[in-house]
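This report covers one protein chain, part by part. The sequence and the model come first.

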Amino acid sequence: MKIFKRLALTIAILIVILIIGVFIFLKFFLTPENIKPLLTKQMEQLTGYELTINGDLSWKIFPNLTVTTNDLSLTSPNEDQVQITEFNFCLKLLPLLRKQIELTHINIDDVSYKTSQGETIKLDKFSINAKHFVLDQTFPLAFSGIMTNGESSPIDFSATTQATISQDE
């Protein structure tokens, strides 16, 4: 019985040391400033769009992975540009271990779209809210905001729908 208690205590201590080690690694080596170049490179390789993150990038790991950034822009190959004031999302951790993406929410606030011809459409107080997003499953999606393009009166809008996003294999 003493051997079992000693073995259980040793395993518990090793688990605690491993958890502390992971947090030290994340805190000092996997910083948001180190991640920005990786994100921009991956975005360009996957989509052809250039991602620029001018603002802060931060995350929280527990209880879910929450990533927040502000002042970012996406530029398409034909020079159309989308600027976003604030972007955040929250991923559940356990599905990641099964190679699944399960988001509890996505928020995108205040968007400006500038075409390659110079026309700008601004979405003030714009918010996209997707809750309980799981690939290949239907989830609720809500949009709201005020759209202006400088030439006409602002348009106040909101919509709620159901959406499904599939992963190509």
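Val16, Ile20, Ile24, Phe25, Phe28 and Phe29 make a nonpolar surface patch of about 630 Å². Patches are made of residues with over 30% relative accessible area and no salt bridge, with like charges joined within 9 Å and nonpolar side chains (Val, Leu, Ile, Met, Phe, Trp, Tyr) within 5 Å. A salt bridge is a side-chain nitrogen of Lys or Arg within 4 Å of a carboxyl oxygen of Asp or Glu. Accessible areas come from the Shrake-Rupley method with a 1.4 Å probe, and for residues only the protein chains shown count as cover.

Phe25 lies in helix α1 and is partly exposed, with a relative accessible area of 44%. The scale is: buried under 20% relative accessible area, exposed over 50%, partly exposed in between (1.4 Å probe, protein chains only). Leu14 is also placed in helix α1, which spans residues 2-28. Leu14 is exposed, at 52% relative accessible area. Between Leu14 and Ser116 there are 102 residues in sequence and 56 Å in space, C-alpha to C-alpha. Helices (H or I, at least four residues) and strands (E, at least two) are DSSP runs, numbered from the N terminus.

## Basis and confidence

This is a predicted model, in which local features need pLDDT of at least 70 and side-chain atom pairs count only at pLDDT 80 or more, while totals for chains, interfaces and linings use all residues. Residues are numbered from 1 along each chain as its sequence is written, and side-chain values use heavy atoms, with hydrogens and water left out.

The mean pLDDT (the predictor's confidence in each residue, from 0 to 100) is 82 for the protein, and 96% of its residues reach 70 or more. Among the elements, β1 has the highest mean pLDDT (92) and β6 the lowest (76).

## Nonpolar core

The largest nonpolar core has 22 residues, and those with the most contacts inside it are Phe89, Leu103, Ile106, Ile108, Val111, Phe139 and Leu141. Two or more residues each come from β1 (50-53), β3 (65-75), β4 (81-91), β5 (102-114), β6 (120-134) and β7 (138-148). The largest share, five residues, comes from β6. Such a core is a set of buried Ala, Val, Leu, Ile, Met, Phe, Trp, Tyr and Cys residues joined through side-chain atoms within 4.5 Å.

Val111 touches Val82, Gln83, Ile84, Ile121, Lys122, Leu123 and Phe126, not counting residues up to four places away in sequence. Contact means heavy atoms within 4.5 Å.

## Asn88 and Asn107

Asn88 lies in strand β4 and is buried, with a relative accessible area of 10%. Leaving out residues up to four places away in sequence, Asn88 touches Val67, Thr68, His105, Ile106 and Asn107.

Asn107 belongs to strand β5 and is buried as well, at 17% relative accessible area.

## Met147

Met147 is in strand β7 and is partly exposed, with a relative accessible area of 32%. Met147 and Lys122 are 25 residues apart in sequence and 5.7 Å apart in space, C-alpha to C-alpha. Beyond four places in sequence, Met147 touches Ile121, Lys122, Leu123, Ser153, Pro154, Ile155 and Phe157.

## Positive phi values

Asp71, in strand β3, has a positive phi near 55° and is not a glycine. Asp71 is partly exposed, at 40% relative accessible area.

Asp110, in strand β5, has a positive phi of about 50°. Asp110 is partly exposed, with a relative accessible area of 26%.
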